[in-house]
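Hi there,

Here is the structure we talked about, with the sequence alongside.

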Amino acid sequence: MNLISGIKLYIEKMCTESGPGMKIILLDKETTSIISMAFSQSDMLQREVYLFERIDSGRSNERLKYLKCIVFIRPTKQNIQLLANELRNPKYSAYFIYFSNIIPRTDIKYLAECDESESVREVKELYADYLCVNPNLFSLNMPNCMANLNWLPDALTHSMQGITAVLLSLKLNPVIRYRAGSQVAQLLAKLIYDQTTKESTLFDFRGNIDGAAPPLLLILDRRDDPVTPLLHQWSYQAMVHELLQIRNNRVDLSERSNVPKEFKELVLSGDQDEFYGNNMYANYGEIGSTIKQLMEEFQRKANDHKKVESIADMKNFIESYPQFKKMSGTVQKHLCVMGELSSITNKRNLFEVSELEQEMACKADHTAQLQRIKKLIADERVSIDDAIKLVALYALRYERHANCETSGLLQLIKSRGGNTQIVPALIEYAGMHVRQGDLFNMVRITDAVKLTRILIKGLKGVENVFTQHTPLLKETLEDVFKGRDLDPQYPAINSELVPFRRPPQEVVVFIIGGTTYEEALTVHQLNNAGYKVILGGTTIHNSQTFISEVLSATSGTQFKHTKSMLKYCSPDNL
């Protein structure tokens, strides 16, 4: 269950099926990102792909009949029309057309009618309709998927297509479960079920061997766990995304003044950068010492290169120089990233802020935490965004506390010029009236298993105050793999596939409203323990993108659960 190798196989297939010779590849906005996250430009050049063009941007009418054209696009109405126009007036000698998802037969017929010159050699479906970020993590790159707390129609269709493509590329025909009580999760589950039923021949994979349970597709709602995306992260990949933002495996440092010119845009891909691949889940402290070891190794090799005395030394130098140069680039790149992370962490007093965030997420101590929040809001080093996140976490944890002080804290945020609309919007989006289960373990616990789990956690103590929080997803997946009854919280839409209570061997989790790199770390740890889990979401959030999504999802809704905060709400929500 490796998503990156799956996408790579599809791209290899496109390049080999079109035969030898110079090629151009014609893409749309989404497939450009899909390919760039799996292969670098030099990788594509090695496969004789010399030109990249977008089907949806202004292109020259120059005929290049010595080139073959690989077309890799999503089967949207707009793309079909653009491709039809291309085929009516072909610029290249031959066309090899690949769609990233299932295409209706009527569209194939329409394209065939447009291909009067018979220049199309191949038309195929390759199920690569998602961005593979890590081997076990995918995203659909939709930063906002809801308005008025309901699906945006395009986002719903795209989610259904993206998940269908993941299932087909992994050859899974799963039991589909969704979060009970979530209309958005139920609607998506139903659409996926309809699609798998309609295309049953495509999903007719080999039956389960030795009576093993069928795979599971679990559709979750971000609103059950609004805490995870709000917390500051300390593992390398998550920290880079939180403080510098990773977009399609790229980090833009062009706004940073003290970054060398060649590092203004960095590629961070575990597949193309061995050091990053090995350390993306390491925490901040471990990364520092690992980079130090890398530096020492680099200095040792640099000293070896100075000792060029014999012909044999020269030969060794020439042979090892490309690797040495690559290592030099890796060291400089990661030193540059760590320098930026360290500077932001100190400037924004993030150690103190993060410690309080973690404590609020994990244990209740109302009076002490309230005083610490007030102190940090008054601290000029703490950015207004970090102060708002602290108030948001407080509002979520103490929403129904007798002495809840959220309004008073919002007044302090207002006096610092912060956006007070965020907190009431978050409570409407993911308050106690929405959440299923018990995010903060505040309800009297009757479930013996859960009670034991909490007691054990309490006895173990905390290894690291900055990483004591674990996402709700971990608890959910533990329930899945231990074969506990999922029906009350996660009913199955195709229950005929659930004749027994054996736990599934393979699980695909999709979070509507976006996933996070902290949850990806949880999945990575489970996979290392021998399970098979793939995680995906409409996007991959850091705290700022999550807050933007909350604001756009609640725009236009009337706020009913935040009466005490009305004066801090947007006029649209009154």
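**Strand 1 and its neighbours**

Strand 1 and strand 3 (residues 64-73) run parallel and are joined by five bridges. Please keep in mind as you look that this is a predicted model. Within that pairing, Leu-26 sits opposite Val-71 of strand 3. Strand 1 also pairs with strand 2 (residues 49-54), again in the parallel sense and over five bridges, and here Lys-23 faces Val-49 of strand 2.

Which way do the residues of strand 1 point? Lys-23, Ile-25 and Leu-27 point one way, while Ile-24 and Leu-26 point the other way. In a regular strand, side chains alternate between the two faces of the sheet. Five of the five residues of strand 1 (residues 23-27) are buried, so the strand is largely enclosed by the rest of the structure.

**The nonpolar cores**

The largest nonpolar core has 156 residues, and the members that touch the most others are Leu-188, Ile-219, Leu-341 and Val-509. Helix 14 (residues 384-397) supplies the largest share of this core, with nine residues. Another core, of 19 residues, lies apart from the largest one, and among its members are Leu-26, Val-71, Tyr-92 and Tyr-95.

**Salt bridges**

How many salt bridges does the whole structure hold? A search finds 25, and three of them are worth a look.

- Lys-91 and Glu-86 meet through their side chains at 3.2 Å, N to O. Lys-91 is buried, with 9% relative accessible area, and Glu-86 is buried too, at 4%.
- Asp-194 and Lys-190 form a salt bridge, also with 3.2 Å from N to O. Both belong to helix 7 (residues 183-198) and are four residues apart, about one turn of the helix. Asp-194 is partly exposed at 34% relative accessibility, as is Lys-190 at 44%.
- Arg-256 and Glu-340 are joined by a salt bridge of 3.7 Å, N to O. Arg-256 lies in the loop between strand 13 (250-252) and strand 14 (265-267) and Glu-340 in helix 11 (residues 311-347), so this pair ties together parts that are 84 residues apart in sequence. Arg-256 is partly exposed, with a relative accessible area of 29%, whereas Glu-340 is buried at 7%.

Beyond these pairs, there is a network in which salt bridges with shared partners link Glu-242, Arg-348, Glu-357, Asp-386 and Lys-389.

**A nonpolar patch on the surface**

Which residues make up the nonpolar patch on the surface? They are Met-22, Leu-45, Tyr-50, Leu-51 and Tyr-66, which together have about 510 Å² of accessible area. Leu-45 belongs to helix 3 (residues 41-46), and with 39% relative accessibility it counts as partly exposed.

Happy browsing, and do write back with any questions!

Best wishes

Methods
Residues numbered from 1 in each chain as written. Predicted model: local features only at pLDDT ≥ 70, side-chain atom pairs only at ≥ 80, totals over all residues. Heavy atoms only, no water. Salt bridge = Lys/Arg side-chain N within 4 Å of Asp/Glu carboxyl O. Buried < 20%, exposed > 50% of the residue type's maximum accessible area, 1.4 Å probe, protein only. Helix = DSSP H or I, 4+ residues; strand = E, 2+ residues; numbered from the N terminus. Patch = residues over 30% accessible without salt bridge, like charges linked within 9 Å, V, L, I, M, F, W, Y side chains within 5 Å. Areas by Shrake-Rupley, 256 points an atom, 1.4 Å probe, with all protein chains shown as cover. Core = buried A, V, L, I, M, F, W, Y, C linked by side-chain atoms within 4.5 Å. Pairing = 2+ DSSP bridges.
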